Amino acid sequence: MHQRSLQRSLRSPSSTGGRGSSGRMFFVAGAKNTAGSGGGSERRSIYQKFREVDLLDKKKTVTALKPGEDRAILLGLGMILSSVMLYFVLGITILRSYAESVWTEEGVCVVLNATVTADVNCSYSCGSDCWRVSKYPCLQVYVSLNNTGRVSRLSHNEETQDSSSECFYVPRCQKDSAAMHVVIMNISERLKVNTQVTCYYDPSEQQETVLLTRLYDHGVLFHSLLWPSCMLAGGALIIMMVKLTQYLSRLCEEINKIKR
């Protein structure tokens with residue numbers, strides 16, 4: 001009996017120590033597994049955070065670009081509409097006058113005579129519903145066209161021809177008639193010095209009068225149509241660039257989706 005109890009007492013520490021070591025190994029493995037699973041979840045949460053930040057940045061970029069694109073398209077459309085309105089205004093003013101003018105051919109005129117014939121009455125405004133009469137001298141100029149012996153009366157431009165069929169130049173009516181007389185006499189002296197001038201005539205000879213200058217010649221017509229054309233081209237270019245940017249953005253998104 002005493003021998004059996006002694007053997008049991010000798011075996012008990014080893015068996016107790018075996019259970020303690022296995023328990024310690026279980027807790028260590030469990031701690032390792034818990035730590036491993038916690039690290040993986042942390043990595044996944046960090047990845048999700050970065051992913052959310054990336055998507056948020058993309059959404060912010062899209063929302064920031066969308067109003068800018070809309071404003072650019074509105075700017076382009078506004079430029080196009082403005083150019084169309086300018087074309088309409090120019091069409092009923094400059095283009096119409098240019099097309100209706102019969103003095104289309106350019107020639108050389110030799111001044112034969114430039115004399116002041118008589119005084120012409122004109123009226124000027126002195127206030128609201130107030131008009132007064134003044135006078136200016138009528139200068140008549142006759143020229144020989146292209147040295148052909150054809151004698152024609154010379155007028156300053158289309159407006160002068162419409163307002164007065166006899167006088168070369170119609171000054172702006174004002175109270176001081178002496179100032180208008182000085183202007184007319186200076187023109188007369190210049191024509192007497194420069195006897196050979198460039199003029200415009202009607203090739204169909206329906207108008208016997210020739211013009212010294214045209215209100216709307218090729219240069220004026222070109223410069224008048226240049227700016228509306230530039231505005232129209234600029235507006236169309238802005239819209240095309242915005243549409244091209246949107247197309248390239250959609251194309252890049254589709255390529256990224258295919259790569260994923």
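**Strands and a pocket**

Trainee: Which residue in β2 stands opposite Asn113?
Mentor: This is a predicted model. Strand β1 covers residues 105-127, and β2 covers residues 130-145. In β2, the residue opposite Asn113 is Tyr142.

Trainee: How many bridges join β1 to β2?
Mentor: The two strands run antiparallel. Their hairpin has 2 residues between the strands. There, Asp129 takes a positive phi near 55°. The number of bridges joining β1 to β2 is 16.

Trainee: Which residue takes a positive phi in the hairpin of β2 and β3?
Mentor: Strand β3 spans residues 150-155 and runs antiparallel to β2. This hairpin has 4 residues between the strands. The phi is near 55°, and the residue is Asn146.

Trainee: What is the bridge partner of Ser144 in β3?
Mentor: Take the pairing of β2 with β3. The strands are joined by 5 bridges. For Ser144, the partner in β3 is Val151.

Trainee: Which element gives the most to the lining of the second largest pocket?
Mentor: That pocket holds about 200 Å³ of space. The elements giving two or more residues to its lining are α2 (94-100) and α3 (158-163). With 4 residues, the one giving the most is α2.

Trainee: How many residues of the lining of the second largest pocket are charged?
Mentor: The lining includes Arg96, Glu100, Asp162 and Arg214. Trp103 and Tyr216 are also among the lining residues. The lining has 4 nonpolar and 2 polar residues, and the charged ones number 6.

Note on methods: Residues are numbered from 1 along each chain as its sequence is written. This is a predicted model: local features need pLDDT of at least 70, side-chain atom pairs count only at pLDDT 80 or more; totals for chains, interfaces and linings use all residues. Side-chain values use heavy atoms; hydrogens and water are left out. On a 1 Å grid over the protein atoms alone, a cavity is a set of points where a 1.4 Å probe fits but cannot get out, and a pocket is an open set with protein on both sides within 12 Å along at least five of seven lines; lining residues have an atom within 4 Å of a point. Grid points are joined across faces, edges and corners, and a volume is the space filled by probe spheres set on the points. Ala, Val, Leu, Ile, Met, Phe, Trp, Tyr, Cys and Pro count as nonpolar, Asp, Glu, Lys and Arg as charged, and the others, Gly among them, as polar. Two strands pair if DSSP finds at least two bridges between them.
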